[in-house]
Amino acid sequence: MQSRLLKIIEEAERGRPMTVEEMTDIFATDDEDIRRTLFEVADRVRHKSVGDAVYLRALVEFSNHCRNNCSYCGIRPGNRQVKRYRMEPEEIVEALAVAHRLNIGTAVLQSGEDLWYDTGKIVWMIREIKERYGMAVTLSLGERSYEDYQAFREAGADRYLLRHETSDSELYARLHPGMTLERRLLCLRRLKELGYQTGSGNMVGLQGQTYLSLARDVELVRDMRLEMAGIGPFIPAEGTPLSDAECGTLDIVLREVALLRLNSPLLMIPATTAVATLDSEGRQQALQCGANILMPNFTPLRYRESYRLYAGKICINEGTEQGIEAISGILSSINRSVGKGPGHSLQTPGP
Ligand code: SAH
């Protein structure tokens, strides 16, 4: 078993994609040698395929209003303890001025699914960000109509993040009342078709999730030729039906990051905030087994406590400067540099 899995990892380094069964076995193994080899090989593949630069993405979480009631999410409408806020479009664009001054090449606009921001408001923000700062624009607004995706793209949006959350359609349906995995994947296909650099990803450690389904998560990202994937542990949120459930583990998150890197060498993979919340060394570790992106938070401090997707979320009381300092510390401790420019995906848009 051990030599078989080691051989599979070596072959992946030379470019052979893994089967779902092979990935499942790698998630499940308790062999320390295999785990260490997996991480070392993924780090090498990251170095060879996307280099040592870590690109920064300036995140603004601009509204916590949401029309969906996802059972894990701290800002679900069912959570009455949350103080709701919406930032004005001008305030959102203004919040990115600091990021621009710090030479960060990408703005990420994220919110709950909030249709108060109609097509015109989002289009206006995209144009303003481009005009004032010349930054690449990533949107993370959830499911919108094809017409909206098209209008945002025409206004200049470069990328879109929409996690598929889990590739297990029954688990997906249980966690997302009134929503389907099929519809989520349709949105992802449309985004790809419109020429967005498209990102998906999943949570790790959801109740009922299996290693087989995590292997399928990796396969989905590879087979859809997505440009980006964000992976984080599920962390329970107060005031939600899953508030007493267990967290996902750092170990399995790191294994998935490594498997994603081996199976999609050019993928842009963030070391996520959720990983940092679970473990103070989590981001360093993710960056050393495949990840190459960090997303410093530029949401004005007064709103941060209200965008609490899960308990203990870091950055809630930490100023932007502190966040940037923390990132500089992380990068120098692992001998990595900050990427310059927009940090676009190196993947060619393919079939
Ligand atoms: N409304 C947008 C943005 C969602 S919030 C959208 O639908 O894409 C961004 C991500 O936070 C989600 O995709 C989800 O994967 C993650 N998230 C939400 N609640 C979480 C929790 N309790 N633990 C870990 N991650 C969570």
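Tutor: Happy to! Let's start with Ile269, which is buried because its relative accessible area is 0%, where buried means under 20% relative accessible area, exposed over 50%, and partly exposed in between (1.4 Å probe, protein chains only). Before going further, a word on the ground rules: this is a predicted model, local features need pLDDT of at least 70, side-chain atom pairs count only at pLDDT 80 or more, and totals for chains, interfaces and linings use all residues. Residues are numbered from 1 along each chain as its sequence is written, and side-chain values use heavy atoms, with hydrogens and water left out.

Ile269 belongs to the loop between helix 11 and helix 12; helices (H or I, at least four residues) and strands (E, at least two) are DSSP runs, numbered from the N terminus. Pro265 counts as partly exposed because its relative accessibility is 34%.

Arg225 sits in the loop between helix 10 (211-223) and strand 6 (228-233), and its phi is near 50°, a positive value in a residue other than glycine. With 28% relative accessibility, Arg225 counts as partly exposed. Asn335 also has a positive phi, near 60°, and is likewise a residue other than glycine. You will find Asn335 in the loop between helix 15 (320-333) and strand 8 (337-338), and Asn335 is exposed, at a relative accessible area of 69%.

Strand 8 itself holds Val338, which is partly exposed, with a relative accessible area of 42%. The C-alpha atoms of Val338 and Ile293 are 9.4 Å apart, for a separation of 45 residues along the chain. Asn297 lies in the loop between strand 7 (293-294) and helix 14 (301-304), and counts as buried at 9% relative accessibility. Asn297 and Asp114 are 20 Å apart in space, C-alpha to C-alpha, and 183 residues apart in sequence.

Now for the ligand. There are 19 residues around the ligand, and Tyr72, Ser111, Arg163, Glu165 and Ile235 come nearest; a residue is near a molecule if one of its heavy atoms lies within 4 Å of it. By class, this shell has 10 nonpolar, five polar and four charged residues, with Ala, Val, Leu, Ile, Met, Phe, Trp, Tyr, Cys and Pro counted as nonpolar, Asp, Glu, Lys and Arg as charged, and the others, Gly among them, as polar.

Arg163 has a side-chain N or O atom 2.9 Å from an oxygen atom of the ligand, and for the side chain of Arg184 the distance from an N or O atom to a ligand oxygen is 3.3 Å. Ile235 takes part through its backbone, with an N or O atom 2.7 Å from a nitrogen atom of the ligand. Taken alone the ligand exposes 560 Å², and the protein buries 91% of that, with areas from the Shrake-Rupley method and a 1.4 Å probe.

Technical notes. A polar contact is a pair of N or O atoms within 3.5 Å; within protein, one must be able to donate a hydrogen and the other to accept it, and residues adjacent in sequence count only if both atoms are side-chain atoms.
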